Amino acid sequence: MRGPKLVASYAYRSLRYTPDHPLRIPRVSLLLEFLKAMELLEDSHYAESKEASLEELRLFHTEDYLDALRWVDENGKISKELRERYNIGTLENPLSPAMWKGSVLAAGSTVQAVQLYLEGYRAFNPAGGMHHAYPNRAHGFCFINDPAIAINYLKQKGFKAILYIDLDAHHCDGVQDGFYEDNQVFVFSIHQSPEYSFPFNRGFLEEIGKGKGKGYNLNLPMPKGLNDSEFLYALEKGLEIVLDLFKPEVYVLQLGTDALKEDYLSKFELSNWGFLKAFRLIREALGEGIYLGGGGYHPVALVRAWTLIWCELANKDIPKYINDRARQVVLNVDFEEFDEVDRSYMFDQLLDKPNEGEIRTEVKELCQKAKALLHS
Ligand code: ZN
């Protein structure tokens, strides 16, 4: 195995969403600044992001949709017809530099991460994981579905058993629907139940795929307030179910950080200790994979969590304290909390105290039901 690679760029600084959008915040560029300040990123471990080619984008997306995105980006305006047909230029999926240029860079970085993985590196693209986009329309802040592109790229390279794991607090509807009838791809997601969370119409337990023979799709829709113990329990049970049915040759892991307790767009209560432990559990069970970012709307929580992921990949000891320079980096972020909770701990130490607790009966029952359903 070769070394770790962080596929990233400071170019994302100017490729932001509109000022009223949850993704207006700095994420990848902030992670870079933070890692540098913490002296956790060596130059040789950094890979500058490259844009995806049209050919790579076509691995999942339709020509007309790509044409529309490019045209709208070049002309800086959008007609009612294009807005309705492609779900772009809306409050959810606004016209901004992130729409085309940012998405193409993030998707290209995911392809780079796959290529680096195939060369033997441990590669992480924090800008990736835009799991809601559909082949011909934007959805849930996502324009280009880079995880789906990664999966099709791997198929093109001859892989016949690809596992996709999604830890984001939201269900990966674009990826699931893209491979729902494909028995070479197993999609496994733990997320907030669609009964109360986006995308509302996907992510139910009963969606087990339509692959030949068995359905290769596992959804674990979870109740509000999920703690570390529950998340890790579901992950462990879920991995058991997956590996009983499927022998993956390779896996793609989406590491959205919105399951963290600080994130205001989800009702999960994970600590970053739980998030890190989940990452360790997956690597212990499956070895190395291809690592992508995902959702995450609290910039400081996100940067702390992805720093832990990076320390793990780079075999670095997790620093106990955030140093003065790095603290200044996160204090400078223009982000206002939505509540009065004291989160000063985020600026002091890197690793949270675990948020362990009781594993509720409904969580256990859901995992049992999932097992029965997929084995039936
Ligand atoms: Zn999400």
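Among contacts in the protein between residues at least 6 apart in sequence, 80% join residues at least 24 apart (contact: heavy atoms within 4.5 Å). This is a predicted model: local features need pLDDT of at least 70, side-chain atom pairs count only at pLDDT 80 or more, and totals for chains, interfaces and linings use all residues. Residues are numbered from 1 along each chain as its sequence is written, and side-chain values use heavy atoms, with hydrogens and water left out.

**Whole chain**

Show the cartoon. The protein has 12 helices and 8 strands. Both are DSSP runs numbered from the N terminus: helices are H or I with at least four residues, strands E with at least two. The radius of gyration, taken over C-alpha atoms, is 19 Å, close to the 21 Å that the globule rule gives for 376 residues, so the protein is as compact as a globular protein of that length. That rule is 2.2 Å times the number of residues to the power 0.38. Along the principal axes, the C-alpha atoms fill a box of roughly 55 × 50 × 45 Å. Colour by accessibility: 61% of the 376 residues count as buried (under 20% relative accessible area; exposed is over 50%, partly exposed in between; 1.4 Å probe, protein chains only).

**Helices 8 and 9**

Select residues 228-245 (helix 8) and 272-286 (helix 9). Their axes come within 10 Å and cross at roughly 15°. Axes are lines fitted to C-alpha atoms, for helices over the stretch in contact; angles run from 0 to 180 degrees between N-to-C directions. Helix 8 is therefore roughly parallel to helix 9 (angles under 35 degrees; over 145 is roughly antiparallel, 65 to 115 roughly perpendicular, the rest oblique). Now show side chains. Helix 8 brings residues including Phe 231, Leu 235 and Leu 239 to the contact. Helix 9 brings Trp 273, Leu 281 and Ile 282, among others. By class, this contact has 11 nonpolar, 1 polar and 3 charged residues. Ala, Val, Leu, Ile, Met, Phe, Trp, Tyr, Cys and Pro count as nonpolar, Asp, Glu, Lys and Arg as charged, and the others, Gly among them, as polar.

**Helices 1 and 11**

Next, select residues 28-37 (helix 1) and 324-331 (helix 11). The axes come within 8 Å and cross at roughly 165°. Helix 1 is therefore roughly antiparallel to helix 11. Leu 30, Glu 33, Phe 34, Lys 36 and Ala 37 of helix 1 meet Arg 325, Ala 326, Val 329 and Val 330 of helix 11. The contact has 6 nonpolar, no polar and 3 charged residues.

**Last stop: Asp 67**

Pick Asp 67 in helix 3 (residues 63-75). Asp 67 is partly exposed, at 34% relative accessible area. Its C-alpha atom is separated by 20 Å from that of Glu 92, 25 residues apart along the chain.
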